[in-house]
Structure formats: structure tokens, C-alpha cells
Amino acid sequence: MDAMLVFDVALALALVGLAWAVLAAEDLFAAVVLFIVFGLMTALAWVRLAAPDVALAEAAIGAGVTGALLLATLRRIGGAESAETTPRPVLIGVGALAAAVTSGLGAAFLAAPAQGPGLEAAIAANLAASGVEHPVTAVLLNYRAYDTLMEVVVLFAAVVAVWSVAQAPEPATPLLGPLHAGFARVALPAAVVVGAYLLWAGATMPGGAFQGGAVLGAVAILALLARDYVPAPAHRAWARGAFLAGTAVFALVAAGVGFGPRMAFEYPPALAKPLILLIEAVVTLSIAATLAALFFGREPEPLGVEVEARK
Amino acid sequence: MTGIEMLSLALMALGCLFFVAGTVGMLRFPDAVSRLHALTKADGLGLVLIAAGAALAAGSAGWALRLALICGLVALAGALGAHLIARLVRTGGGR
Amino acid sequence: MSPDLIYGLAGLAVFGIGFFRALTLAAPLRRVLALKLCAVGASFLLIVAAYRQPPVTADAVPHALVITGIVVMVSAMAVALALIHRIAVLERERSDG
């Protein structure tokens, strides 16, 4: 037990040190790399706090996909920064404000009853009727399914916003070489299987649509990087369909079960598992397509459009 | 503590030792390519040892197979990542 | 000292650092990183609130909330990064004349 205490304290100190280092790094590239390390360490801490689902999501989305988005943006903007510095009075004022807010939050945290009963008893009591055996999946896809639907809508809104904002063609990424082609032939199909497995496993153990979708999204990002897949304007309709499919199927199923004595989102217990798996499968594909599109960062431009030379 | 548990712990401890060695190499070696060498070699073996220890502790063929798959994927991805960084260093694109 | 207290305090510190830096850094990309650190710090408090000393299983509701938060955060991050890219392009065009 004491050895674990040493580990916890060391990891907690590393997290705080990394958080400071991310924002104090001279170089933006170093900041992004430190941020990815911070995300992975966070995932480790959440495993220690008995939250493996959240740790998977943080490692895959919070560190992995977010890191890829940050590195892509860094490449596009070129890492140049203004030498603007914050005046000392502002630093002191904001420092005092941050200290006050954090202390208030800390006081609330220390005063809150630790390990008090939450909703775990209610979750356990209704797990049999939820259609899945894993509590987190039951909360996400059944008890609080409305939240999850809105989350898929937010993801959809993000891709709409990104496509509306950025339309400029950009210089091509460097080729990854023959070794990558061999790697992709072996690893990408295996990763697709891993993504599908995570989705399937979510019904009974840690895993689920978001973790599986993130793995499939990473496969798509690798395919984009290696130019195994080159987006073309003709694919736009398919892409839009893929972005929308998760929201549409989720909403249709949720509204579709709400007739007679049932409310929307109230799946009939006998059909709960197939309905949840149907929603999760479509949402997984939607998440994968959306994450890859967010990484690509713009609508596919018409073929033959040359990148304008920048002086 | 049974013999299997002892063996599992010993394997994981040995794996951690390799990770420490790889990290020391990354911090102490002078240039990017030798740092890569230290990291990929030592961490690759460290991961296999830890996974072997974990597979013994899990005690089921299914989980041992999943851990083997993880080792395989990490070995492939680690080798490719090291190759891409080294290529970037050689062509002078690195920092 | 139990893990929930240790990581709760670490989460608070991460939140404080992110909050302070989000308001004092100049570069937009760094501000976005600072906001993401704020979000991770807040997530720590939720995960800690869900923690129960094993063998009691943790509360799954905060876990689901944090998973939702992670996906919403990556969406917000993607939009913020697209805007940062757009600003950089516009500034480059303006300075080119």
C-alpha cells in the first residue's frame, strides 16, 4: 500500500510539473509534445482512480487525436509568435484572481464529503434493465442518453464550423516513405479490428463507442497522412452523410421508441441491447469520420487547384 | 505469495529496469539517433517483460493473447516512429 | 493520504495553472492549451468525486460526464485551432500587403 502511495505522490507531482512546463515551454513544438505527455500521464492517474473508461478516452482523444490536431495546426501556422509580453500589474492581478478561484475550489473540494454515496446504487439496481452489463456504457447510452446525443451533435457542429472557417488549400505533407507503407499494410487492419473490439467490449467492460471511434479515427488520420486516402470533392456527400449518420440514427431510435406508454429514449428492455449496439456502431463510424475530417481541417478542394505560392 | 505471482512481479520489475535504462539513455546520450537507439531498444524489451508479467498475473490465454497483440503493435509502431524521426534527422528536417 | 486526496489536489493545481496562464499568455495556441489544462483539472475533481476505496466500485455517472467532456473539448479545440489557422492566414496576407 505504501509503495502505491509513493507512486501516487510522484505521479501527482509529475502532472503538476508537466502542466507548468507545457505553458512555460519556450518552443511551441515542445509545448505540444509536453502536452501529449501530460495527457498520457493523466490517463495513468485515472486508471489509479478506478476510471479505466475515462482513461481510455483521454489517452485516445484527449492526448492522441488532440495532439495530432495541435501538431497539424502548428505546421499550418508555422510556429511564429509575437514577442508580446503581459505587463506585470496584469500578471499580479490575474495571479491573485487565479489563486482566489483555486483556493475557493480547494476549500469546496476539501469540505465535500469524500467517497460519499453517489448514484452507484441506483445504477446497480437498474443495470439489468439497461441492456448492457457495463455501468459507464449504461449511463452513456441509456440513463443519460440525451447528454450523449447532444455530445454527438456538438461533434457534428464542430466539423460544420471547421469546414466553414478553413477552405484554403495548403502545402502537401512530406511523404512517409516505403517503410510506412509496409507498416500500414499490417497495422492499420489490426487497428480497425481493435477499434471494433473496443466498441463490442463496451457492453460488458471498459470500452465503447468513443474509444472505438477514436481508434478508427486514428486509422483514418494515418491513411490521410500517408496519402493512402486522398479526399476528393466527389466524396463530400459521403463525408457529410458519415458526419450526420450518428446524430440521425441516435435521434431516430430515441424518438422511435417513444410511442404509447413509453417516452423518448426509453428503450423496451427486450430490445435495449440491440438498439444500444446499433446506436453505438453508427456513432462509432460517425466519430471516426468526424475526427479524421477535423484533422484534415478543410473541405476537400477540387482536383487541380494548385497551392498559391506565398511570398 | 505463490510462485507464479513471484515470477510475475520479478518480470515486471525487470521490465521497469529496462525502461529506466532507456530513459537514462535518452537523457544522457549526445545526439538524436543514439537517443532513439536507447529508447526503442530498451523500452521494447521492457514492455515485453512487463506484458509477460501481466499475462502471468492475469492467468488466462485470452488476456495473454491481447497483451501479445499490444506488444506486437507497439513494436511495429515504435520501429516505424523511430525510423521516421531518424529519417527526418538525416535529411536535416529535424530540430 | 488516499489516492483521491492526492489526485484531487493535483487536479486543483493543474486547474489553477491553466486558469492563470489562459489569461496571461499572448499566443492563441498557448491559451487554448491552457484552457484544455483547466478542463483536465476540472475532470480530475469529477473523477475523484466518483472514486470509492476498492473493492467498492466507482460511481459511473461522473465517469460518463468526463467522457462527454473530453469529446466536447476536442470539438471546441478543433474549432479554436481552425480559427487560429484562419487568423494566421489573414495576418500573413495583411503583412504581405
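**Helix packing and chain contacts in a predicted model**

Good morning. I begin with one helix pair: in α7(A), Ala145(A), Leu149(A), Val152(A), Val153(A), Phe156(A) and Val159(A) meet Phe243(A), Leu244(A), Gly246(A), Thr247(A), Phe250(A), Ala251(A) and Ala254(A) of α10(A). Contact here requires C-beta atoms, placed from the backbone, within 7 Å. Helices are DSSP runs of H or I with at least four residues, strands are runs of E with at least two, and both are numbered from the N terminus. By class, this contact has eleven nonpolar, two polar and no charged residues. Nonpolar covers Ala, Val, Leu, Ile, Met, Phe, Trp, Tyr, Cys and Pro; charged covers Asp, Glu, Lys and Arg; the others, Gly among them, are polar.

The model is predicted: local features need pLDDT of at least 70 and side-chain atom pairs count only at pLDDT 80 or more, while totals for chains, interfaces and linings use all residues. Residues are numbered from 1 along each chain as its sequence is written, and chains are lettered from A and ligands numbered from 1 in the order in which they are written.

How do the axes of α7(A) and α10(A), residues 236-256, cross? They come within 9 Å and cross at roughly 155°, with axes fitted to C-alpha atoms over the stretch in contact and angles running from 0 to 180 degrees between N-to-C directions. The two helices α7(A) and α10(A) are therefore roughly antiparallel, the term for angles over 145 degrees.

Next, the chain as a whole. Chain A has eleven helices and zero strands. Its C-alpha atoms fill a box of roughly 65 × 55 × 40 Å along the principal axes. Of the 311 residues in chain A, 38% are buried, that is, with 20 or more other C-beta atoms within 10 Å of their own.

The domain assignment, automatic or from a database, gives domain 1 (1-78) and domain 2 (121-311) in chain A. The C-alpha centres of these two domains lie 23 Å apart. Twelve residues from domain 1 and 16 residues from domain 2 form their contact. The domain 1 side has nine nonpolar, one polar and two charged residues.

Finally, the neighbouring chain. In chain A, 74 residues are in contact with 64 residues of chain C. On the chain A side, the elements giving two or more residues include α1 (2-24), α3 (52-77) and α7 (145-165). The largest share, twelve residues, comes from α3(A). This side of chain A divides into 47 nonpolar, 14 polar and 13 charged residues.

Technical notes: Two residues are in contact if their C-beta atoms, placed from the backbone, lie within 7 Å. Angles under 35 degrees count as roughly parallel, over 145 as roughly antiparallel, 65 to 115 as roughly perpendicular and the rest as oblique. A residue is buried if 20 or more other C-beta atoms lie within 10 Å of its own, exposed if 12 or fewer, and partly exposed in between; C-beta atoms are placed from the backbone.
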